2 protein chains.
Amino acid sequence: MIDQPPVRLAKDEKFQALHLLAPRRGVAIHINAFNFPSWGLWEKAAVSLLAGVPVFAKPASSTAWLAHEMVRDVIDAKVLPEGALNLLCGGAGNLFAHVTSDDVIAFTGSHDTALKIRADANVMARNVAVNVEADSINAVLLSPGAAAGSPSFDAFVKETAREMTVKAGQKCTAIRRIFVPAEIVSAVAEALSAKLSSTKAGDPRQAETRMGPVVSRAQQAAVFDGIAKLSGSAKIICGGKDAPKIEGIDPAKSSFVAPTLLQTNDSNAAVIHDIEVFGPVATIVPYRSEAEAFALVRRGGGSLVVSVFGDDTEFLARAVRELGTSHGRILAVDPSIAASHTGHGIVMPQCNHGGPGRAGNGEELGGLHGLRFYHQRVAVQGSTDLLSNLAGESAPIH
Amino acid sequence: MIDQPPVRLAKDEKFQALHLLAPRRGVAIHINAFNFPSWGLWEKAAVSLLAGVPVFAKPASSTAWLAHEMVRDVIDAKVLPEGALNLLCGGAGNLFAHVTSDDVIAFTGSHDTALKIRADANVMARNVAVNVEADSINAVLLSPGAAAGSPSFDAFVKETAREMTVKAGQKCTAIRRIFVPAEIVSAVAEALSAKLSSTKAGDPRQAETRMGPVVSRAQQAAVFDGIAKLSGSAKIICGGKDAPKIEGIDPAKSSFVAPTLLQTNDSNAAVIHDIEVFGPVATIVPYRSEAEAFALVRRGGGSLVVSVFGDDTEFLARAVRELGTSHGRILAVDPSIAASHTGHGIVMPQCNHGGPGRAGNGEELGGLHGLRFYHQRVAVQGSTDLLSNLAGESAPIH
């Protein structure tokens, strides 16, 4: 693909440079998380295959059977060249010892596992390209001056409650911190807890169920442990660190967590900004000025996404300027798009997915930009004849 | 800056996404090599300052005084805001323990030092962006069928001899491997050694001197050691692992290395493709087919640059396709630009500098693309009113 059209380099117009994106010669190793067994597999595979790079995917152990069924169906359909799609179910063994610099690794999962991959001796020695999309302490921010019951307030409450409960909060993009003007903390707590309490948890096979359990009892225990840690610096408004009573569900055998809302009075408490509780859990954090709000949001140390709700376009523009460098995506909602926006947690293929710092400093999707990871950018310096020949057979990425 | 103009995301045309490049909030730590004390400092600083990111530069110890003088002059000229340019002369101490994910690190130097930076516990934990430009085993390739004395042959000999001797071969881009059709190995050896032997080495202050010493006696010893290793798999055509006799130069106190050309008959010998001898030293490697030539060039495991010389545009285009993915830059010379091209080793600001794999998998310069490293790419999803507001104050990167 053409990244940059020919540019002249010398007095002689015949000598120019063209920047091409050359597809990697190796394979793309995709390591996926349990929480998006289908989307996670295919969003990575699609971009890789479009770039012409064969896929070697490793699903999470808990979703390996589903991945196996899906991949078998696609291979059986014979729509892909032989060898283009490969699946490793089970442990990775010494996989990384076999990686070369022609290969790439795209990982979604925990910070700790990401560190292990990046620190692998062979991966380090060969400077293998590694893309990481890790857990982050995402935020939602309600603008200064927002009044309870205003359109921005209502849009904010609706989206925050939804993001806390979709997939029982087991999303890398889920909202963990809720920043609101100090003077309306009570109104926010009341409105959010009303929404959350009315979210029907139960058997996912029942039509009226809105939230299921977390993935395992170990995960449930980890979430309860996280709530206990947060509650050292915040009070519990609704939910909590005990298994909820749900009709027809045996709490000794299930792994439900009630939607849990906390509220802190210590906006700077480290635990609020540092701990990701991977369940339907978030904390209301009051702020006293716009500058404090932006500084507090940035305490996440780099996040996948922040949503900002407000009526004032100038405020939203300032939020983008102040928060842009520490986020991979910003959803800025004014009342004109309150009903039509695609949501805080929905990763659109047209938009960048990934965030700096803690979020892994990776980039996925984002339109054609997502193809870059599977290519080497190369400057070709040569005669205009050669460059025309090369450009003629290439498509522009822009 | 605008990376991608607004794109529609929903049925409602009012909700769209714009991709911006937000300048990093931290500082850019630049760690430079001894061999380009001026260019290396300023090529990094220029891009960083253009992006609005303050520079914290650490020169190599052997060139710290020069860096200090240059930086003082620039600060004294008061053309930069206070604090925009900072210099650390001496050891790095525990510098990396203070780095945050708002900072970036750009490093030029050895593979081993690059590994230490990338593996630093704090750098790893915070996913700090690190750009590496390391040593690579660059190549030059003369096309199949090239006849001794042809325009391509002559252009190839001239450029190869020049690249081996400029800065006494102490360039990360210097040619280390010379791939030629097996049937003209003798003609190449003869033509190159004639050029090299006539390169006048001596005191750099004398007008007729064409090549000076290497940087230190330790470096001279390392180069001689490298020549000894190469000569286990290749014969020495000219030069060698002893200090050359130069009129008026005391070999016991100086650090000269004669331009040294080797020739192997074992084109697959690992030492030829693995060892970088950082001096005026290169090895002629014969190939028997075009496919073998491309495979041998790729044995470098990722390089900054390869130059290809030939008359046939179709061959040059094939070389770009086959070698593009393992190089950051390809100089493809046909006779029409033999006199006007900017050279194998000259890094043009318009062109990508950096290479995959062994070369560090980094990217510098390359026109406006060089600014990307100093920015976070962020997707802003919002109303067309907000996006117009943001786009209005931003310049496009393309």
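1. In this predicted model, 79 residues of chain A are in contact (heavy atoms within 4.5 Å) with 78 residues of chain B. Local features need pLDDT of at least 70, side-chain atom pairs count only at pLDDT 80 or more, and totals for chains, interfaces and linings use all residues. Residues are numbered from 1 along each chain as its sequence is written, chains are lettered from A in the order in which they are written, and side-chain values use heavy atoms, with hydrogens and water left out.

2. The buried area, meaning the accessible area (1.4 Å probe) that the two parts lose on being put together, summed over both, is about 6,200 Å² between chain A and chain B, and carbon and sulfur atoms give 54% of it. On the chain A side, Asn127(A), Thr325(A) and Gln381(A) lose the most area to chain B, and together they account for 11% of what that side buries.

3. Four salt bridges (a side-chain nitrogen of Lys or Arg within 4 Å of a carboxyl oxygen of Asp or Glu) are counted between chain A and chain B. Arg321(B) and Glu393(A) meet through their side chains in a salt bridge, at 2.6 Å from N to O.

4. Among the elements of chain A that each supply at least two residues to the side touching chain B are helix H10 (313-323), strand S14 (327-333) and strand S17 (375-383), where helices (H or I, at least four residues) and strands (E, at least two) are DSSP runs numbered from the N terminus. S17(A) gives the most to that side, with eight residues.

5. S14(A) is joined by three bridges to strand S17 (residues 375-383) of chain B, and the two run parallel; strands pair if DSSP finds at least two bridges between them. Ile330(A) stands opposite Val380(B) in S17(B).
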